[in-house]
Amino acid sequence: MNRPDKLFNFIGESIEDDIDFTDLDAELTKRFGETCAALVMDSTGFTRSTKALGPAFFLAIIYRLREVCFEIAGRYGAIDSRAHADNFYAEFKNVDDAVEAAFAVHRHFEDNPVPLVSGNDRFGVCVGIGFGRVLRSDHEGVYGNEMNYASKLGEDVAERGETLLTKAAFEALSNPETFETTITRIKVSGVEMPIYSIKSGAGREE
């Protein structure tokens, strides 16, 4: 049995009442909207090892990944966090905290390598971060354009050890000049957009 969810219950009731979608958008934003930094993290590097060692190895890696991510997300003040398979999702009040959490996870797996079958494979994470208005579900996290972009960056575009930001997220950083930043452009659903790959700069304290 599905758990009740206020967001989707309200949508269902509104559709039954034949509400105009423009009005529904406004009401959803009023009732369920919030502004936050959305972080989406995917893991990488252990596909061949999983095939060689089986599902227990995969699940052990997932367990370790989740322990690390939940602890670090909490340390940096995550509003909410959740895991699905080898993906991890979290929302933060500001982009600075989301970035610091991402960097902390990267550092953890650099300092504590996960042994894999092939020396050519290195376990790590790829991160995408967006910032803006989203709609919060009780059980499924958040929905919105910046969440969609963060998912695209974290799951499809970023490489191991990389943290990618949307334009809105980068502009919301309190001190963007302290990062080493590389700007490229990608197409998302046919729309070209800039993405910002950031690393700790010389002026930042680790």
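What percentage of the 206 residues in the chain do buried residues make up? Buried residues, meaning those under 20% relative accessible area, with exposed being over 50% and partly exposed in between (1.4 Å probe, protein chains only), account for 44% of the 206. This is a predicted model, in which local features need pLDDT of at least 70 and side-chain atom pairs count only at pLDDT 80 or more, while totals for chains, interfaces and linings use all residues. Residues are numbered from 1 along each chain as its sequence is written, and side-chain values use heavy atoms, with hydrogens and water left out.

**Overall form**

The chain holds seven helices and eight strands, where helices (H or I, at least four residues) and strands (E, at least two) are DSSP runs numbered from the N terminus. Its C-alpha atoms fill a box of roughly 60 × 45 × 35 Å along the principal axes. With contact meaning heavy atoms within 4.5 Å, 67% of the contacts between residues at least 6 apart in sequence join residues at least 24 apart.

The accessible surface, from the Shrake-Rupley method with a 1.4 Å probe, comes to about 11,400 Å², and 50% of it belongs to carbon and sulfur atoms. There are 22 positive and 35 negative side chains, and the centres of the two sets lie 4 Å apart; Lys and Arg count as positive and Asp and Glu as negative, with His and the chain ends not counted, and each charge is placed at NZ of Lys, CZ of Arg, CG of Asp or CD of Glu.

**The nonpolar core**

A nonpolar core is a set of buried Ala, Val, Leu, Ile, Met, Phe, Trp, Tyr and Cys residues joined through side-chain atoms within 4.5 Å. The largest one here has 37 residues, and Val99, Ile129 and Leu165 are those with the most contacts inside it. Among the elements that each supply at least two of its residues are β1 (33-44), α4 (55-75), β4 (124-136) and β8 (191-200), while the largest share, nine residues, comes from α5. Leaving aside neighbours within four places in sequence, the contacts of Leu165 include Val95, Val99, Ile129, Phe170 and Ile198.

**Individual positions**

| Residue | Relative accessible area | Class |
|---|---|---|
| Ala101 | 4% | buried |
| Ser151 | 17% | buried |
| Ala85 | 37% | partly exposed |
| Asp18 | 67% | exposed |

Ala101 belongs to helix α5 and, not counting residues up to four places away in sequence, touches Ile72, Tyr76 and Phe92. Ser151 sits in helix α6 (residues 145-157), and its contacts, with neighbours within four places set aside, are Val40 and Asp156.

Two loop residues have positive phi values without being glycine. Asp18, in the loop between α1 (6-16) and α2 (21-32), has a phi near 60 degrees, and Ala85, in the loop between β2 (80-84) and β3, has a phi of about 50 degrees.

Val117, in the loop between α5 and β4, is 68 residues from Ser49 in sequence, yet their C-alpha atoms are 5.1 Å apart in space. Beyond four places in sequence, Val117 touches Ser49, Ala52 and Leu53.
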